[in-house]
Amino acid sequence: MTPRTVLVARLDNAGDVLLQGPLLRAVAHGADRVVLLAGPAGAAAAALLPGVDEVWTWSCPWILGDPPPVDADDLAALTDRVRALAPDEAVISTSFHQSPLPLALVLRTAGVPRISAISVDYPGTLLDVRHRVEDDLPEPERALSLARAAGFEPPAGDDGRLAVRRPLPPVAHPAATEPGYVVLHPGASVPARTWPAQRCAEAVEALADAGHRVLVTGGPGERALTAAVAGTRGVDLGGETSLPEMAALLDGAVAVVVGNTGPAHLAAAVGTPVVSLFSPVVPAVRWAPYGVPSVLLGDQSAPCRDTRARECPVPGHPCLTSVTAQDVVAAVEKLTSAVQQPAVLRIPAAAREAATSSQGRT
């Protein structure tokens, strides 16, 4: 019987939520209603995803990087809300370093009859579908494999790429009214993943010298950064766009220059090529821009590799300071040239045989 309501949980950042698009479309194809439980940083991204009918926001004390204290009343309120929703089942999506089991306990307490998640730990009676996968699947494929393990297949013709709801809102700024510009996004939620501001400013100058219009984007708290990076040759849009407007802005770009952070995945979701300034503190095979032409810049064998460090542990931040403004110009030219092929083209696999799952509680 078709489930009436499915609760899907993804409780971290906007980029992580955007990577759940293929999973959510698969669940929506097999359900009447999909409610997505997101963290405060991911809720706006959740609202952009096709297949999501309702977004709930909750600050999770075992997932967020700056977590709130555990509050018994807060947990009780979430439990009561889930009980009132009475979902037919739940799918808990997590990154490889996160455990789904605390939330599974809350959902089980709320009476959710069927729960699916990826778990390396013994789940006891907390999970009905304990799914296990290879370590180095790209995150969208990892998530989609969980949906399939739970019994949800994507609709016919779904290519497994990232996507957003359309139409997107118009971008009011005059600089974005005509497509063909390059977007440079200098900030990141994690300092270890940022290209130095001076290098970003040099890239704006070099891109302008190469004939590109450059729009510099950032959040409300990054206005000083975007103003310094834009200088006199770029257009400073720091703090001027909502997330849907940011999606529209990226949609009109010929390329986006960005670190491993949410706007990289938002660019992929609107189909725009990405120059990825990728710090190897997390693996590129999992987190690089997915499903679009991309050029990966940065020393992927640097000593910080796979450390998951938030602050760079190596003096001088060599993994990204090794990248020059001219490297970025060359990468943009590679992606925008009609006669050359992009360095990396990530095409989603239709299916992965490597992922395995087990029904029950073994």
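User: What do the buried residues of α5 pack against?
Analyst: They pack against β1 (5-10), β2 (33-38), α4 (72-85), β4 (89-92) and β5 (115-118). Contact means heavy atoms within 4.5 Å. Helices (H or I, at least four residues) and strands (E, at least two) are DSSP runs, numbered from the N terminus.

User: Which residues of α5 are buried?
Analyst: In α5 (residues 101-109) they are L101, L103, A104, V106 and L107. Buried means under 20% relative accessible area, exposed over 50%, and partly exposed in between, with a 1.4 Å probe and protein chains only.

User: What should I know about the source and numbering?
Analyst: This is a predicted model, in which local features need pLDDT of at least 70 and side-chain atom pairs count only at pLDDT 80 or more, while totals for chains, interfaces and linings use all residues. Residues are numbered from 1 along each chain as its sequence is written, and side-chain values use heavy atoms, with hydrogens and water left out.

User: Back to β1. Is T5 buried or exposed?
Analyst: T5 is in strand β1 and counts as buried because its relative accessible area is 8%. Apart from neighbours within four places in sequence, T5 contacts R33, V35, L85, P87, D88 and E89.

User: And A14, what does it touch?
Analyst: Not counting residues up to four places away in sequence, A14 touches A41, G42 and A45. A14 lies in helix α1 (residues 14-18), and its relative accessibility is 18%, so it counts as buried.

User: Helix packing next. How do α7 and α8 pack?
Analyst: Helix α7 (residues 197-209) and helix α8 (residues 223-230) pack at about 45°, with axes 7 Å apart. That makes α7 oblique to α8, because angles under 35 degrees count as roughly parallel, over 145 as roughly antiparallel, 65 to 115 as roughly perpendicular and the rest as oblique. Axes are lines fitted to C-alpha atoms, for helices over the stretch in contact, and angles run from 0 to 180 degrees between N-to-C directions.

User: Which residues make that contact?
Analyst: A197, C200, A201 and V204 of α7, with L225, A228, V229 and A230 of α8. By class, the contact of α7 with α8 has eight nonpolar, no polar and no charged residues. Ala, Val, Leu, Ile, Met, Phe, Trp, Tyr, Cys and Pro count as nonpolar, Asp, Glu, Lys and Arg as charged, and the others, Gly among them, as polar.

User: Backbone now. Where is the cis peptide bond?
Analyst: It joins R166 and P167, with omega about 5°. P167 lies in the loop between α6 (139-149) and β7 (181-185). Most residues other than glycine have a negative phi, and most peptide bonds are trans.

User: What is the phi of A86?
Analyst: A86 has a positive phi of about 55° although it is not a glycine. A86 sits in the loop between α4 and β4 and counts as partly exposed, at 43% relative accessibility.

User: Where is H317?
Analyst: H317 is in the loop between β12 (293-297) and α12 (318-321). Its phi is near 50°, again positive in a residue other than glycine. H317 counts as buried, at 13% relative accessibility.

User: Last one: how many helices and strands does the chain have?
Analyst: The chain has 13 helices and 14 strands. Of its 362 residues, 54% count as buried.
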